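Please keep the sequence and the coordinates at hand.

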Amino acid sequence: MSSDGKLIIFDTTLRDGEQSPGASMTRDEKVRIAKALERMKVDIIEAGFPIASVGDFESVQAVAEAVKDSTVCGLARALEKDINRAGEALKNANSSRIHTFIATSPIHMKMKLRMEPDMVLEQAIAAVKMARKFTDNVEFSPEDAGRSETDFLCRIIEAVIDAGATTINIPDTVGYNLPNQFGDLIATLINRIPNSDKAVFSVHCHNDLGLAVANSLSAVLNGARQVECTINGLGERAGNASLEEVVMAVRTRQDLFTCDTELDTTQIVPCSRLVSGITGFPVQPNKAIVGANAFAHESGIHQDGVLKSRETYEIMRAQDVGWSENRIVLGKHSGRNALKTRLEDLGIEMSSEEELNETFARFKDLADKKHEIFDEDLQALVADTNKMAINEYVKLVSLKVCSETGEIPEAEIVINLNGEECSATAQGSGPVDAAYKAIEQVVSSNTELQLYSVNNITSGTDSQGEVTVRLSHDGRIVHGQGADTDIVIASTKAYINALNKVMLPEEREHPQLGDV
Ligand code: KIV
Ligand code: ZN
């Protein structure tokens with residue numbers, strides 16, 4: 001099959017991904033993820049929505065300054081104040097894009113915007129012209145295109161291309177379309193719009209019916225050459241198309257696709273773990289590509305087949321997406337340099353000597369408890385070190401738990417609360433419950449625990465457990481994660497990580513709060 005070029009990957013983990021309830025990230029966390037996306041050779045990173053909050057403006061600014069190889073994009077409604085703010089935030093980027101949007105579906109125009117279609121058209125043209133004053137790389141999205149009238153889409157898209165839009169993104173904002181219908185829509189737009197060859201057609205699919213990836217791929221088969229997606233499929237409501245699934249489907253089925261991405265797919269798993277660790281959104285074990293079971297064969301027939309020839313049951317190589325083959329990597333005798341080298345192989349950069357020292361000390365602690373350290377352990381360790389590095393209002397000093405048959409479990413905890421050491425003892429229905437009650441005696445957070453889940457990071461009883469908790473506080477949702485070979489300590493770390501997010505609201509205000 002002949003190739004007609006490149007499929008552009010536009011990652012919106014830091015913008016639409018952050019719109020998942022509880023997934024808000026600090027500026028430094030966004031920069032860390034942006035650097036990982038850059039390492040993966042993502043073409044465009046949508047870093048945020050600068051008008052939404054001061055925090056989001058500063059995050060886009062910081063990403064624009066930190067990233068050199070990928071284009072950094074800021075979102076703006078089709079309004080002068082939004083576009084100016086986006087232009088300002090992106091000022092120092094090596095390569096920048098402004099992404100401006102306005103809704104075009106009858107229901108959005110009538111009920112949300114209260115505007116006639118002709119006014120929407122004029123506003124879209126004006127927005128694109130304004131954005132072009134900041135950059136010649138301007139993307140326009142007719143929001144809710146998936147429920148818009150095709151004739152109106154053709155009119156508005158032709159006009160914004162004439163006004164200077166270089167990418168036309170077709171969002172299925174509410175995840176309503178089916179793959180054949182969405183593919184037909186893309187083909188129709190490209191065929192009917194006279195100047196469609198002057199812009200790249202892009203798609204942005206939501207997963208409300210579980211079809212975001214299928215719709216995106218159908219669009220690519222029908223001429224789209226940019227896909228907007230997120231790591232682990234994070235995103236508003238049921239999420240966005242998952243980057244790893246789109247990229248690997250196109251790469252694996254080159255017999256059907258006439259284009260391919262230029263991504264370094266070996267960065268997929270490290271990046272997935274980074275995003276999961278920072279947002280606290282766990283990856284389900286059976287998730288395609290990045291789930292713990294994605295390359296695990298349980299049935300005897302499958303195992304036998306794979307041993308005889310890997311291709312009998314595997315359509316991709318685990319190492320091509322970043323799962324390491326030689327999984328035992330380090331042990332208690334490994335030195336600081338070995339650790340640093342392995343972290344670099346995993347695409348993990350230490351930002352300072354101090355961070356490396358801290359990670360090494362924690363690595364030694366872990367190696368004392370667990371003789372074989374796997375890549376997954378290192379990734380969890382770094383995620384934990386990074387959590388410690390963020391402003392900590394609550395710190396765990398020590399924890400003692402008694403759990404015995406026939407006795408009520410009891411936890412004794414010492415916590416450093418904003419510089420002051422406080423202790424408490426509590427009983428609970430289990431050791432984790434007792435530990436959480438003891439923490440609450442000290443902190444009185446007034447939060448509600450909505451989710452508690454434990455996953456083992458590797459296999460075996462000496463594996464580290466990774467605990468995820470979700471807390472709600474005054475309608476706000478935050479996630480926390482913690483890893484340790486001791487499950488009660490992992491649970492305590494996860495709870496404290498979430499509490500720190502609750503206690504430091506100014507850093508993590510949800511970008512969509514306020515009037516935007
Ligand atoms: O889902 C959507 O329509 C969006 C737009 C801003 C592209 O996120
Ligand atoms: Zn979206």
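Asn416 is part of strand E12, which spans residues 410–417; helices (H or I, at least four residues) and strands (E, at least two) are DSSP runs numbered from the N terminus. The side chain of Asn416 reaches the backbone nitrogen of Gly419 at 2.7 Å. Leaving aside residues up to four places away in sequence, Asn416 touches Tyr393, Val394, Lys395, Val397 and Glu421, where contact means heavy atoms within 4.5 Å.

This is a predicted model, in which local features need pLDDT of at least 70 and side-chain atom pairs count only at pLDDT 80 or more, while totals for chains, interfaces and linings use all residues. Residues are numbered from 1 along each chain as its sequence is written, chains are lettered from A and ligands numbered from 1 in the order in which they are written, and side-chain values use heavy atoms, with hydrogens and water left out.

Which residues are around ligand 1? They are Arg15, Asp16, His99, Phe101, Ser141, Glu143, Asn169, Pro171, Thr173, His204 and His206, each with a heavy atom within 4 Å of the ligand. Among them, Thr173 has a side-chain N or O atom 2.6 Å from an oxygen atom of ligand 1. For Arg15, a polar side-chain atom lies 3.0 Å from a ligand oxygen, and for His204 the corresponding distance is 3.1 Å.

An automatic or database domain assignment divides the protein chain into domain 1 (8–279), domain 2 (295–324), domain 3 (326–387) and domain 4 (390–503). The C-alpha centres of domain 1 and domain 2 are 34 Å apart. Eight residues of domain 1 are in contact with seven residues of domain 2.

The area buried between these two domains is about 580 Å², and carbon and sulfur atoms give 67% of that area; buried area is the accessible area (1.4 Å probe) that two parts lose on being put together, summed over both. Met248, Thr252 and Val269 supply 62% of what domain 1 buries against domain 2, more than any other three residues.

Between domain 1 and domain 2 there are three residue pairs in polar contact, both residues being at pLDDT 80 or more; such a contact is a pair of N or O atoms within 3.5 Å, one able to donate a hydrogen and the other to accept it, and residues adjacent in sequence count only if both atoms are side-chain atoms. On the side of domain 1 that touches domain 2, helix H9 (243–252) and helix H10 (268–279) are the elements that give two or more residues. H10 gives the most, with four residues.
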